[in-house]
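Dear colleague,

I am handing over the structure below, and I would be grateful if you could look through it alongside the notes that follow.

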Amino acid sequence: MSLKCIEQRRSFGGEQCKYNHYSEVLQCDMTFSIYLPSNKENKEIPLIWWLSGLTCTDDNFSQKSGFQGLAEEHQVAVIIPDTSPRGEQVANDEAWDLGQGASFYVNATQEPWAKNYNMYTYITEELSGIASSLVPNFSGMESIMGHSMGGHGALMIGMKNVKRFRAISAFSPILSPSNVPWGIKAFTAYLGEDQESWKEWDASELVKEANIPPILITQGTADDFYPNQLDETTFLENAREHDQVVDYNKEEGYDHSYFFISTFLDEHFAFHMKHLLK
């Protein structure tokens, strides 16, 4: 594997880095970003994963949220994958909510997507190995968070790997992709017409399983996509029925943007650190 650092910037005492590598899982070149805190006291460092939303790259969170100050304060590394495979040879769609920038973090089974769109395996296996090698004094403790489509991804990946991730949080997540337009379109394309196969990628189904990590969700009431794409009803009903620990908060007047994310990001970091340092 050839891993190349293509950007490195000092931020709040730590380093904001951007890497390029060839992914064997996705069969294309990929980029990702990672923040490494200063770790002046040479302590063990935990890792938070951030998954971005539709049309985003790894740059959106790193350049718009201002998370680096919180990561340095808490002495935690943060890795930001891209949202899909990329390149001229990678299948794409003219619509912004399917194809490149819109992987939904699943492993596709349908053509023409199956060759490259294996983001679940990329994140949980290939990129995980790279991340652990980049974080100095990595403690082995991880949690995961995300926004919108990335909120779906964080919940889905976190609940499918309950022994690995200590906590899950999400901003404006797609909680029931099998029942909303964005998810139905993507799941039909990537996974096929059999809706039974969708369940293993749907947070509202996965929340029925036992022993999932604690979950924090923040949703703005002025979000243009709420509730049509982001309805919480089924997810919360299933969580309550199965006694899962979910803290779901509606914030009056906030939208879907990074103004919203940056406002409540400190609460999410505090939530993650509470569980990462146990």
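Contact here means heavy atoms within 4.5 Å. This is a predicted model, in which local features need pLDDT of at least 70 and side-chain atom pairs count only at pLDDT 80 or more, while totals for chains, interfaces and linings use all residues. Residues are numbered from 1 along each chain as its sequence is written, and side-chain values use heavy atoms, with hydrogens and water left out.

Leaving aside neighbours within four places in sequence, Ile174 is in contact with Phe104, Ser148, Met149, His152, Val180, Trp182, Gln229 and Leu230. Ile174 sits in the loop between S7 and helix H5 (181-191), where helices (H or I, at least four residues) and strands (E, at least two) are DSSP runs numbered from the N terminus. With a relative accessible area of 0%, Ile174 is buried (under 20%, with exposed over 50% and partly exposed in between, for a 1.4 Å probe and protein chains only). From Ile174 to Gly150 the C-alpha distance is 8.3 Å, although 24 residues separate them in sequence.

As for the sheet, nine strands form an open arrangement of mixed pairing in the order S1-S2-S3-S5-S4-S6-S7-S8-S9, two strands being paired if DSSP finds at least two bridges between them. Strands S1 (3-11) and S9 (246-251) stand at the edges with a single partner strand each, so one side of each has no neighbour in the sheet. S1 and strand S2 (residues 14-23) run antiparallel and are joined by eight bridges, and Ser11 stands opposite Gly14 in S2.

Best regards
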